[in-house]
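Please open the structure in your viewer and follow the stops below in order. Each stop states what to select and what is found there.

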Amino acid sequence: MVLEHFWILILFPLVGAAMNGILGRRFPHPVIAWLSCSTVALSFLVALLSFYNFIRLPEDQRILTHHLFTWIQSGNFISEFSFLLDPLSMVMILVVTGVGFLIHIYSLGYMAGQSGYYRYFAYLNLFIFMMSVLVLADNYLLMFVGWEGVGLCSYLLIGYSFEKRTAGDAAKKAFILNRIGDVGFLIGVFLIFRTFESVQYLTVFQAVSEQFAVMGTEFGVLGAITLLLFIGATGKSAQIPLYVWLPDAMEGPTPVSALIHAATMVTAGVYMIARSAPLYSRAPETLFIIAVVGISTALLAALIATVQRDIKKVLAYSTISQLGYMFLAMGVGAFGAGVFHLLTHAFFKALLFLGSGSVIMALHHEQDLFKMGGLRKYLPVTFYTMWMGALAIAGVPLFSGFFSKDAILWKTFAAGNEALWLMGVVVAGLTAFYVSRLMFLTFHGGERSEKHHQGAPDPSPKEPSWSVTLPLIILAGFSLLAGYIGLPSYLGNNRLEEFLAPSFRFQFSGQAASAMEHAHLTEVILTLVTLAVAFLGFALAYHFYIKNPQVAERLANRFPWLYSLLRRKFFLDEIYDWLIVGPVQRISRTILWKGMDVHVIDGLVHGTASLMQAWSHRVKRIQSGYARLYATWILGGALLILFYYYWISP
Amino acid sequence: MFGTELQLTLLLLIPGFGALVIAFVPSRKIHLLRGTSLFFTSLTFLYSLLFFTHFDPGAETMQFVQKVPWLNVGVLHIHYHVGMDGISLFLVILTTFLMPLTILASWGIEKKVRPYMFFMLLLEVGMIGVFVSLDLILFYIFWEITLIPMYFLIGVWGGKRRVYAAVKFFIYTMAGSLLMLAAILTLYFFNEAQNFDLVEITQRLSLNQIILPFPVELLLFLAFFLAFAVKVPIFPFHTWLPDAHVEAPTAASVILAGVMLKMGTYGLLRFCLPMFPSASAALAPAISLLAIVGIIYGALVALVQTDVKKLVAYSSVSHMGFVVLGIFAFNLQSIEGATFQMLSHGLSTGALFLLVGMLYDRRHTHLIQDFGGLAHVMPRLAAFFMFIMLSSIGLPGLNGFVGEFLILQGTFLEHAGRAAFAASGIVLSAIYMLWVYQRVFMGAVQNDQNRTLTDLNFRETVILVPIVLLVVWMGLHPSTFLRRMDTSVQKVVDRIEQVREPQIYRVEYRGH
């Protein structure tokens, strides 16, 4: 019963958003909170019920669509407002509503007493709605509704404290950089329609699996489509060259960072590529580009993360880096492994963000790592749960991140990309380093908080309320356990891959299964290498920030250019400003507006007018009022006419 | 009355009668004047909805037609010929929909209310007339009629440089339309039937009963095109627009952007393409280039404006560029998208001017630097502005997206490069709109004069809510509109195809 109507789960948050958005200013805070959380809870419940019924279906029936109404129809172009539930969207919708619900609960505590409470919850609900549309859409254009819709919510929530200049700037930057990607996505959709005369997934995938049954060798239309869609993904999922908005997006409230800028929205690009696996698997050039962009982003962001002072910035770069891993997976054709990492990352990164939010709250909005320290005794729940998240992201065996990251690295190696694999291992080491650094600086060592010494009446930080700690505990549980659904082949069954298989059935299957697929021994050895490197990262962090805290500073002083290169994020913001933003403004102002519009065009317009005037001044002298002059003119005219008729045309 | 021949004429008569009534109301009775205007414009709107409900989407011919001989002077046969199809239907409704809202937005007008309201109603007659005329002379008369009230609305009730702006507007437009008049008369000499009937001329042209040598067709096309290009405005004929908008009172700006610019693109679609298809096809690349330049240029210049109203004016140049691009891609999706975009732009830009006007009523300035942090003092106005801004930058799910998407998708099918360049306008529109929103509404309140501003009152909310509802409706269920445009747009496309196909055959023949 429930299964046919799975789509109603998108309605609840929409209703919540509309009610809070329109009437929220008049509601007392508990009403707003209750309304907002309950709608998402209902969505999550419907998602769970759907899942329960979904797994009871035979595997070949696990694709359901529900048609609501025709959205845009013009000639042979049709985009329906209909939804698709298949294993991939099932996984995504569970993450979106599940993690979304936990973060709503967390927000109750985090946002308590803030002004604009209704606004916050309305936007958050709207986000869940848009994200659900993105994930459940059954065609590319409807996906684009969600795609831009989540971008809008991100804009609204980053700019939540709009009185701050920085928040406004960050919000605008996020939207615009996303828009640049979106244009790529949109042109990709145009090309899809031109090629397949449809934008509906299943029709397109069916067509592509028939028309492109043999892998093409040259860069053709599929290469163009996939590359254009990928441009959209680099915006939404913060990859090179459009990633620069995500660190700034940390201006938003921390639960927003956890939900939108870590667990769900930024993974939309990964989801989109996994969804389009039938197209991507037939475009090897694009896949290679994606793999290179992914691992480069992962490496670059991990490097930058090692020197950030702001706790949220570290996590933001970490997110970019982990997304890079996911794109690496996509790029080597390991779509399942990428989705797996998306899933585990949603848990542990949301956990890390929410944990950092708890720390920030306890320290009255202090975000500088170097003003923290020794918090373990004040914030025990946050301390233990965050370490779970840290161990997961660092890839410590038995934690979820270990399985998913290892799956990606192994698939990369098995596909014959040893260089990419090596870079991936380096990133694993860096990850272990920056996350341990973050944990050591926050919870261990001495207390460096300035606020402690100012003799405030309530100096010791306290753990916030249950609504903050409960989501932490639940997410910690998932960070520990989520990995077991995707065991490596030498340990058992990869249940996630099996579950997802129907979603990837149109994928190109011409590639011979790699001979390495079952080389268990190699896989184990490679895993051990990764672990060793990660341990090295951990040990270095321990050495720098626990044993000899002055070493890090000395290193920074020894290599100032390197340090500032990393601190300033490779100057990419400055380069964009210098190369694009500045010139565009100057050219628009001086050449186009003041030059072209005011001088050239209006100059011509006014010039014509004054020319007319000047001539009029001369011509008007004829009307002098003297009768004898008029008589002369008449005579002259008559003579001219006579002259014409007698001599020129008789 | 509905169902008789007079049904469409009545649509012209209601506001016309309203204008007459206004003329007899004592000028001191401001409230009565306002009320009367509101009554007649609302009545016109409600009446126009009947055309929506009675419209037959499948009909190939003009609907609600009335045709009577009007002036028979010797060999001149001028008819009073009016009718509607799927293209004009919604433009008429857009006009009648915006009019009551602009009257409501004119509550701030306190000097010379009687002539103001008189001109508003006269303007409505002219605009509806433009969209329903099917005789070239009749069309020309209505076209010119709209100029006069607008000239006075800007010149009398405008801002500081109102006279300059009004004269510039008048002469710019007049220069274009005189060329059109010359072309109409030239066309007459090629027409053995010796009339000005658009439907008949188009039909005779397509049956080769009227033969225009290509150079003549080209010249005639250019004459019509220039008249319309000034109105749209197409780059580089746009410099009257920013001045006119900045000086015009709010209501005039709304009508100018909301309806009168569409008279230009409507003219292209109604006259240029069906009458001069070969010339249209031949010049399409050049015009598309102007359209793309307009899209990017308008957006870039909008970006650096210091005056909100001027910014919105330049954004119109950019948005209308999309419409022209769509029209000259000669594709069902692109032209349907262009027609849809005309409506969308009318709504969202009309609403933007209304909002800017509401700001002006409170602060008596348009300068961006005088604002800042207004979302603190006017949360409702800020929310409405945000919503309309999203519609204007084409957020999917709202009206602006549908038009832009169809234009670009249709254009892409024919000319991928054009669509790709034009698509950059989507990024630029987000940049200038978000930036101005940030500078006006976000941040802290810096200027003390802004601290005491009052939020939207009931009247202003009543103006904005219908627009918002329509924005959502058009965005989520565009079929309501697109379905009724299909047949009429297909006819235009077929007409172009008619002259393009032989060329394809020629190429094939040469190939063998």
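Begin by selecting A:Glu251 and A:Lys164, which form a salt bridge whose closest N and O atoms are 3.4 Å apart; the term denotes a side-chain nitrogen of Lys or Arg within 4 Å of a carboxyl oxygen of Asp or Glu. A:Glu251 belongs to the loop between helix H9 (245-248) and helix H10 (254-263) of chain A, and A:Lys164 to the loop between helix H5 (140-158) and helix H6 (165-196) of chain A, so the pair ties together parts 87 residues apart in sequence. Helices (H or I, at least four residues) and strands (E, at least two) are DSSP runs, numbered from the N terminus. A:Glu251 is partly exposed, at a relative accessible area of 24%, and A:Lys164 is likewise partly exposed, at 39%. Here buried means under 20% relative accessible area, exposed means over 50%, and partly exposed lies in between (1.4 Å probe, protein chains only).

Before continuing, note that this is a predicted model, in which local features need pLDDT of at least 70 and side-chain atom pairs count only at pLDDT 80 or more, while totals for chains, interfaces and linings use all residues. Residues are numbered from 1 along each chain as its sequence is written, chains are lettered from A and ligands numbered from 1 in the order in which they are written, and side-chain values use heavy atoms, with hydrogens and water left out.

Next, select A:Asp169 and A:Arg165, a salt bridge with its closest N and O atoms 3.4 Å apart. These two residues are four places apart in helix H6 of chain A, which means that about one helical turn separates them. A:Asp169 is partly exposed at 27%, whereas A:Arg165 is exposed at 60%.

Select helix H3 itself (residues 87-110 of chain A): its 24 residues reach 34 Å from first C-alpha to last, close to the expected 34 Å, the expected span being 1.5 Å times one less than the number of residues. How many residues of H3(A) are buried? The count is 22 of its 24 residues, and the helix is thus mostly covered.

For an aromatic stop, select A:Tyr155 and A:Phe175. Their ring centres are 5.6 Å apart and their planes lie at 70 degrees, so the pair is edge-to-face. Rings of Phe, Tyr and Trp (its six-membered ring) pair if their centres lie within 6.5 Å; planes under 30 degrees apart count as stacked, over 60 as edge-to-face and the rest as tilted. A:Tyr155 and A:Phe175 are both buried.

Finally, display chain A together with chain B. In this view, 48 residues of chain A are in contact with 62 residues of chain B, contact meaning heavy atoms within 4.5 Å. Which salt bridge can be selected across the interface of chain A and chain B? The rule finds one there, and the side chains of A:Asp602 and B:Lys168 meet in a salt bridge (2.7 Å, N to O).
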